[in-house]
Amino acid sequence: DISINCSNNVLKLKTESTDNSMVQSISFDQLKKYDVVDSYNVNCKFQLSYLSNITNLQKVFSNVKISLQDDIPLCIYFEDTTELYVRFYLAPKIDD
């Protein structure tokens, strides 16, 4: 699983296993472009293996757009300089 948290001008990605954990913080200053609703925090979990397979397309496309909201599928939109694009939706994990 991977947890994605977006708040306070920082995007945090966190993953844990029985042996290790990893957290990556990405400042909005490091992103080419971002749009955020003021005072809106997002915290979602996704299946890491699916997300890993989807993000392999970044090798082919020059731009990647991500749309993230609570309890709504994650939208990952790949596009290049031509009119070619691919869009994926990944449903969030639901805790039992």
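Before the first selection, a word on terms: two strands count as paired if DSSP finds at least two bridges between them. Keep in mind, too, that this is a predicted model.

**First stop: the sheet of four strands.** Select β3, β2, β1 and β4, which lie in that order in an open sheet with antiparallel pairing. Colour β3 (21–27) and β4 (42–46) separately: these are the edge strands, and each pairs on one side only. Look along the sheet for its twist, which averages 15 degrees from one strand to the next.

Now zoom in on β1 (residues 2–7) and β2 (residues 10–16), an antiparallel pair joined over six bridges. Which residue in β2 stands opposite Ile4? Show Leu13, and you have found it.

**Second stop: the sheet of three strands.** Move on to β5, β6 and β7, the order of strands in another open, antiparallel sheet. Both β5 (63–67) and β7 (85–90) have a single partner strand, so one side of each has no neighbour in the sheet. From one strand to the next, the twist here averages 15 degrees.

Select β6 (residues 74–79) together with β7 to follow their antiparallel pairing over six bridges. For one of the contacts along the way, show Glu79: its bridge partner is Tyr85 in β7.

Key
Residues are numbered from 1 along each chain as its sequence is written. This is a predicted model: local features need pLDDT of at least 70, side-chain atom pairs count only at pLDDT 80 or more; totals for chains, interfaces and linings use all residues. Side-chain values use heavy atoms; hydrogens and water are left out. Helices (H or I, at least four residues) and strands (E, at least two) are DSSP runs, numbered from the N terminus. Axes are lines fitted to C-alpha atoms, for helices over the stretch in contact, and angles run from 0 to 180 degrees between N-to-C directions.
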